[in-house]
Amino acid sequence: MQKTHSPSLLTVPDSSGYYGPYGGRFAPESLMEALLQLEVEYNKALQDPRFKEELEELLKNYAGRPTPLYYAKRLSSILGEVKVYLKREDLLHTGAHKINNTLGQVLLARRMGKKRIVAETGAGQHGVATATACALFGLECRIYMGEVDMERQALNVTRMKMLGAEVVAVKVGQRTLKEAINEAMRDWVTHIRTTHYVLGSALGPHPYPMIVRNFQKVIGEECREQFLRQEGRLPDVAIACVGGGSNAIGFFYGFLSDPQVQLVGVEAGGKGEKLGDHAARFASGRLGILHGTKTFVLQDDDGQIALTHSVSAGLDYPAVGPEHAFLRDHSRALYTKVSDEEALEGFFLLSKTEGILPALESAHAVAYCMKICRQLPKGSIVAVNLSGRGDKDVSQVASLQQKAF
Ligand SMILES: *Cc1c(COP(=O)(O)O)cnc(C)c1O
């Protein structure tokens, strides 16, 4: 299962934002200045011990870090003679890993003297995490969201408004995430002096994929230490779901220099293999450029961005973070997919054996864990990144099951 890899895996991206052939900074001239300013400010922040201290304090006392590494005993006993551990990002404030990134980016915005924040959101989770960080710092916050997503995720729209954010309905195209990103970027271009764009995943033009990874790598670094303390060794397999790729890259990063840990990213297999029925970029995407970065993109024969589908709104983006494409080329991480149906099985198994309702996104990682545990040698240790909690998904799961809950 394991292959050797070069230490250069830890040194990407290069100064132009490339992860091998992936990534880069494909942006209009009008955005370049802001992207360069962000990179300069980020590098300055890294040298400033007060920045690190303030972020660590917020992560600890506001967001709830470190999150536990939990040995799921009943789940493990059902899956065979293995030990399954859950990294509990679901216990963070606002219910998912996204707050790790929004707190960091809002601190950067403040350093740049920017008092206005724009962001996009699909399912609403990143919008809620951004609105939360803005409320905390008293920043003006505008969230772009597709009209279709606003209907599907009405609860999150209400949450964002209660937190003081303005939610703008995007009514063009498919009226979902892709269009919301375009609108957020357009807003940013026109208000570049006063505004910072808080991007929600390890995507977009350089330096975003790097910055988001670095704000999320606390997951993997913490988890590595916890394994050494709790088990005296590292896991054999580490599994995370991959939407844009931020929770997975943050989780993987802590184990990149440990080739004995097999890293597995799980994409949304949706309801079938037909283009439009899934979001498995590695299974059927091709190299392309979307929202400023070169990576695997789901597209039709003419290069038009394809529609996507997943039972979990957080996984149905047509492109994948460039660093994942790079790790895949180097065989450092394996990418696979599970279907909507399998994800639902994972959702129920974890709920009923451990009393933990996972987000449908995270349920994809649980479902893959279910699949492989039966093939692993006795005594293997598996780590699953539980990226978020399932409260947001209960009504959807109930209606999909058509059971009386
Ligand atoms: C947004 C989200 C994801 C997908 O985003 P990544 O950037 O791939 O991590 C996964 N899980 C949860 C709970 C989310 O809210």
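1. Setting aside neighbours within four places in sequence, Asn385 is in contact with Lys87, Glu89, Ile219, Ile239, Ala240, Asn247, Phe251 and Ala365. Please keep in mind as you read on that this is a predicted model.

2. Where does Asn385 sit? Asn385 is found in strand β14, which covers residues 381-386. Asn385 has 0% relative accessibility, and because buried means under 20%, Asn385 counts as buried.

3. The side chains of Asn385 and Asn247 make a polar contact with each other, at 2.9 Å.

4. Now to the ligand. It is surrounded by 17 residues, and the closest are Lys98, Ser201, Gly243, Ser246 and Ser387. Sorted by class, the shell around the ligand holds 11 polar, four nonpolar and two charged residues.

5. Which domains supply the shell around the ligand? At least three residues come from each of domain 1 (18-60 + 98-207) and domain 2 (65-95 + 217-403).

6. A backbone N or O atom of Gly245 lies 2.8 Å from an oxygen atom of the ligand, and for a backbone N or O atom of Gly244 the distance to an oxygen atom of the ligand is 3.2 Å. As for cover, the ligand has 380 Å² of accessible area on its own, and the protein covers 96% of that.

Definitions and conventions: Residues numbered from 1 in each chain as written. Predicted model: local features only at pLDDT ≥ 70, side-chain atom pairs only at ≥ 80, totals over all residues. Heavy atoms only, no water. Near = heavy atom within 4 Å. Polar contact = N/O pair within 3.5 Å; in protein donor to acceptor, adjacent residues only side chain to side chain. Areas by Shrake-Rupley, 256 points an atom, 1.4 Å probe, with all protein chains shown as cover. Nonpolar A, V, L, I, M, F, W, Y, C, P; charged D, E, K, R; others polar. Domains from an automatic or database assignment. Helix = DSSP H or I, 4+ residues; strand = E, 2+ residues; numbered from the N terminus. Buried < 20%, exposed > 50% of the residue type's maximum accessible area, 1.4 Å probe, protein only. Contact = heavy atoms within 4.5 Å.
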